[in-house]
Amino acid sequence: INVVIRRGKLLQGMQNGAMISVTANINLVRPIIQSYGCEISIISTNEDFVVSGTAFAIDALCTELEEAKINFVRINIALAGHSSLMESVRHQFDNIFTGIKLERPNHLIVSNVTGDIANHEFADPSYWFTQIRSVVQFAAGVEKLIQILNDNVTFLEIGTGKGLCYYVNKIATKNSYAGVKVVYCLPSQKQNAVGLTTVTNG
């Protein structure tokens with residue numbers, strides 16, 4: 001818990017940034033993003049991703065995207081997560097783990113840094129800075145779990161809403177993963193339904 005608290009305080013003290021969610025072909029939009037000094041920070045699917053950068057750079061990028069009629073939504077956060085702006089807290093972040101012994105995972109866990117099965121890297125404190133600095137490979141991690149579990153897997157979304165369920169379903173539908181199911185636990189503020197809801201692929 002102490003690590004989570006100190007991590008949150010560090011992020012709150014960072015240089016102001018901005019993030020937007022984009023819906024487009026990632027390979028087509030990538031050169032535009034890079035031309036404004038912004039970075040892709042989360043890849044939810046090949047057509048759904050998040051871009052981070054300074055507030056000024058994101059504003060300029062948004063103007064370009066609007067002119068190109070590329071769909072995007074501003075994320076309500078003054079932070080450029082999973083981008084080079086995180087480098088400013090590298091040293092302080094490493095100090096968070098002083099006196100804490102980390103262990104290798106005992107269960108199957110996918111790293112969102114690599115999109116592959118995690119192993120000894122979880123026991124290395126430097127990994128956890130890499131995790132907040134690197135692109136979140138959500139789509140790759142989902143596909144890895146589907147492959148390992150032979151297309152017979154249920155994904156559980158623990159937070160509010162069903163945004164991640166939407167991305168998992170999109171990946172499953174595109175790749176014809178008929179055995180994939182998703183479950184979300186908590187409604188968003190816009191939803192009136194209460195309780196577990198299952199959404200099957202198809």
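Start at the second largest pocket and colour its lining by class: you get five nonpolar, four polar and five charged residues (Ala, Val, Leu, Ile, Met, Phe, Trp, Tyr, Cys and Pro count as nonpolar, Asp, Glu, Lys and Arg as charged, the others, Gly among them, as polar). A pocket here is an open set of points on a 1 Å grid over the protein atoms alone, where a 1.4 Å probe fits, with protein on both sides within 12 Å along at least five of seven lines; lining residues have an atom within 4 Å of a point.

Bear in mind that this is a predicted model, where local features need pLDDT of at least 70 and side-chain atom pairs 80 or more, while totals for chains, interfaces and linings use all residues. Numbering runs from 1 along each chain as its sequence is written, and side-chain values use heavy atoms, without hydrogens or water.

Now select T45, N46, A139, E143 and I171, which lie nearest the centre of this second largest pocket.

Next, move to the largest pocket and pick N112, V136, F138, V142 and L164, the nearest to its centre among 25 lining residues. Its lining has 16 nonpolar, seven polar and two charged residues.

Last stop: the largest nonpolar core, with 32 residues. Such a core is a set of buried Ala, Val, Leu, Ile, Met, Phe, Trp, Tyr and Cys residues joined through side-chain atoms within 4.5 Å, buried being under 20% relative accessible area with a 1.4 Å probe, protein chains only. Select I20, V22 and V51, which have the most contacts inside this core. A second, separate core of 13 residues includes M14, V89, I96 and I132.

How values were computed:
Buried < 20%, exposed > 50% of the residue type's maximum accessible area, 1.4 Å probe, protein only.
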